[in-house]
Amino acid sequence: MDVNGVGWIAAIIIGGLAGWLAEIVMKSNTGIFMNIIMGIVGAVVLNAILRALSIEPFGVGWFAYLITGFIGACLLIFVGRLVRR
């Protein structure tokens, strides 16, 4: 996987942390499994959006992955709420 210089195990741990932080900030009620998925998918989606807009990613390493995953997970929660309306 090696997104932002982070391997599989680190992506799961950091993705879970990013999803959990997004859950708290966005006042969402999801479980740990969904937090992990939101963090990982959020990081991948936000990286794709940034590259499509020709914007440099936030960097490489676990901290950049945490920031990217957090913002991406918040974006996914926001879009999910828009779709449900």
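The model is predicted, and local features need pLDDT of at least 70, side-chain atom pairs count only at pLDDT 80 or more, while totals for chains, interfaces and linings use all residues. Residues are numbered from 1 along each chain as its sequence is written, and side-chain values use heavy atoms, with hydrogens and water left out.

## Helix packing

Helices are DSSP runs (H or I, at least four residues) numbered from the N terminus. The axes in the table are lines fitted to C-alpha atoms over the stretch in contact, and the angles run from 0 to 180 degrees between N-to-C directions.

| Helix pair | Angle | Axis separation |
|---|---|---|
| α1 and α3 | about 45 degrees | 8 Å |
| α2 and α3 | about 95 degrees | 6 Å |
| α1 and α2 | roughly 100 degrees | within 6 Å |

Angles under 35 degrees count as roughly parallel, over 145 as roughly antiparallel, 65 to 115 as roughly perpendicular and the rest as oblique. Helix α1 (residues 8-25) and helix α3 (residues 62-84) pack at about 45 degrees, and α1 and α3 are therefore oblique to each other. The crossing of α1 and α3 is right-handed, a term used if the near helix is turned clockwise from the far one by less than a right angle. Contact here means heavy atoms within 4.5 Å. On the α1 side the residues that make this contact include Ala-11, Ile-14, Ala-18, Ala-22 and Val-25, and on the α3 side they include Trp-62, Tyr-65, Phe-70, Ala-73 and Ile-77. By class, the contact of α1 with α3 has 14 nonpolar, 3 polar and 1 charged residues, where Ala, Val, Leu, Ile, Met, Phe, Trp, Tyr, Cys and Pro count as nonpolar, Asp, Glu, Lys and Arg as charged, and the others, Gly among them, as polar.

For α2 and α3, the angle of about 95 degrees is the reason that these helices are described as roughly perpendicular to each other. Among the residues that meet are Met-38, Ile-40, Ala-43, Leu-46 and Ile-49 of α2, together with Tyr-65, Gly-69, Ala-73, Leu-75 and Ile-77 of α3. The contact of α2 with α3 has 12 nonpolar, 6 polar and no charged residues.

The helices α1 and α2 are likewise roughly perpendicular to each other. Residues including Ala-11, Gly-15, Ala-18, Trp-20 and Glu-23 in α1 meet residues of α2, among them Asn-35, Met-38 and Ile-40. The residues of the contact of α1 with α2 divide into 7 nonpolar, 5 polar and 1 charged.

## Nonpolar cores

A nonpolar core is a set of buried Ala, Val, Leu, Ile, Met, Phe, Trp, Tyr and Cys residues joined through side-chain atoms within 4.5 Å, and buried means under 20% relative accessible area, exposed over 50%, and partly exposed in between (1.4 Å probe, protein chains only). The largest nonpolar core has 8 residues, namely Val-6, Ala-11, Ile-14, Ala-18, Ile-40, Ala-43, Tyr-65 and Leu-66. To this core α1, α2 and α3 each supply at least two residues, and the largest share, 3 residues, comes from α1. Another core, of 6 residues, lies apart from it and includes Ala-22, Ala-73, Cys-74 and Ile-77.

Ala-22 belongs to helix α1 and, at 0% relative accessibility, counts as buried. Leaving aside neighbours within four places in sequence, Ala-22 is in contact with Lys-27, Phe-70, Ala-73, Cys-74 and Ile-77.

## Loops and partly exposed positions

Lys-27, found in the loop between α1 and α2 (32-52), has a positive phi of about 50 degrees although it is not a glycine, and at 71% relative accessibility Lys-27 counts as exposed. Ser-54 lies in the loop between α2 and α3, where phi of Ser-54, a residue other than glycine, is positive and near 60 degrees, and at 69% relative accessibility Ser-54 counts as exposed.

Within the helices, Leu-75 of α3 is partly exposed, with a relative accessible area of 33%. The C-alpha atoms of Leu-75 and Leu-46 are separated by 8.4 Å, although these residues are 29 residues apart along the chain. Val-45 lies in helix α2 and, at 32% relative accessibility, counts as partly exposed.
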